[in-house]
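This briefing covers a few local features of one structure.

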Amino acid sequence: MNESTLASLCITAHEFARSGHGSCARTGALLVHGMTGTPAEMQVLAKGLNREGFTVYAVQLAGHCGTVDDLVQTRWQDWLASVESALARLSGQVDRVVVVGLSMGALLALLVAASSGRQIAGVCALSPTLRFDGWSLPAYTRLAFLLPLFKSLGIGRNRIFMEAPPYGIKDQALRQRIVEKMRSGHSAQAGLPGNPWWTVLELRRLSAHVRSRLSQIHAPTLVMHARDDDVSAVSNAHDIVRGLVHAQVELVLLDDSYHMITIDRERRTVIARVNDFVKRIDANR
């Protein structure tokens with residue numbers, strides 16, 4: 001792709017794209033960030049994929065990189081629409097697309113694969129989050145099942161489940177830098193410092209929809225998860241693997257990371273495994 005075409009993929013200032021090179025350039029990786037997150041959390045992985053020659057495009061999900069009110073006004077269907085729109089743009093520039101999602105982004109990657117059929121050549125589900133059940137979450141998050149009632153009564157629109165240490169990051173120096181960015185008020189750099197109640201409800205609805213569609217996915221799928229994930233327990237990954245009854249699935253468990261595996265201590269392992277997975281798909285073209 002030339003520079004003008006590359007720039008046309010991005011529809012917000014926070015998205016980014018890099019043109020591929022060599023024999024791998026016609027294989028694209030669509031990168032999908034997590035809930036309350038930002039495309040920046042996919043930056044390290046994007047560089048690793050692009051070094052191998054793949055075209056990469058990191059999408060910004062609807063309602064993200066702004067205020068809590070911006071996010072609360074969106075639903076899971078809006079987030080899915082962001083990914084579907086990005087897929088359509090990237091597909092027009094490459095021959096095949098692998099969708100790579102982190103946390104909630106992993107659910108969106110799986111869902112778009114279920115609905116797009118052969119348009120998706122592969123899926124990478126990184127730290128997939130069907131539910132918030134990690135060991136670091138405060139006890140009151142277990143009351144999330146009450147959220148539909150609260151919303152029906154108009155309760156909690158501006159309430160937030162605040163994130164707590166270690167914030168999905170095992171590397172202490174990196175954690176400190178990320179937390180400083182979160183608290184600075186610049187959500188486009190490191191995301192919001194907490195999860196709005198009503199947005200958590202949308203995640204629950206998205207999760208239920210993904211569970212019902214897993215059996216419709218036929219694309220090869222790589223699932224990566226930290227054994228000691230502090231946000232979403234490793235059982236989330238196992239549940240997804242069990243549900244992918246018609247897909248060739250590879251499960252990789254990490255031993256020295258927490259939830260944000262694209263930037264944590266084993267980020268090089270994540271890059272290497274994702275690169276290997278995408279290379280195999282590219283080789284089968």
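Asn236 counts as buried in this predicted model, because its relative accessibility is 0% and the cut-off for buried is under 20%. The residue lies in helix α10, which covers residues 235-243.

**Surroundings of Asn236**
- Apart from neighbours within four places in sequence, Asn236 is in contact with Pro128, Thr129, Leu130, Arg131, Asp133 and His225.

**Thr221**
- Thr221 belongs to strand β8, residues 221-226.
- A relative accessible area of 0% makes Thr221 buried.
- Leaving out residues up to four places away in sequence, Thr221 touches Leu110, Val123, Leu244, Ala247, Gln248, Val249, Glu250 and Phe277.

**Helix α9**
- Helix α9 comprises 17 residues, 197-213, and at 1.5 Å a residue it should span 24 Å.
- Buried residues of α9 include Trp197, Trp198, Thr199, Val200, Leu201 and Glu202.
- Leu203, Leu206, Ser207, Val210 and Arg213 of α9 are buried as well.

**Packing of α4 against α9**
- The axis of helix α4 (residues 76-91) comes within 9 Å of the axis of α9, and the two cross at roughly 65°.
- The two helices are therefore roughly perpendicular, as angles of 65 to 115 degrees count as such.
- On the α4 side, the contact is made by Trp76, Gln77 and Trp79.
- On the α9 side, Thr199, Glu202, Leu203, Arg205, Leu206 and His209 take part.
- By residue class, the contact of α4 with α9 holds four nonpolar, three polar and two charged residues.

Note on methods. Residues numbered from 1 in each chain as written. Predicted model: local features only at pLDDT ≥ 70, side-chain atom pairs only at ≥ 80, totals over all residues. Heavy atoms only, no water. Helix = DSSP H or I, 4+ residues; strand = E, 2+ residues; numbered from the N terminus. Expected span 1.5 Å × (residues − 1). Buried < 20%, exposed > 50% of the residue type's maximum accessible area, 1.4 Å probe, protein only. Axes fitted to C-alpha atoms, helices over the stretch in contact; angles between N-to-C directions. Parallel < 35°, antiparallel > 145°, perpendicular 65-115°, else oblique. Contact = heavy atoms within 4.5 Å. Nonpolar A, V, L, I, M, F, W, Y, C, P; charged D, E, K, R; others polar.
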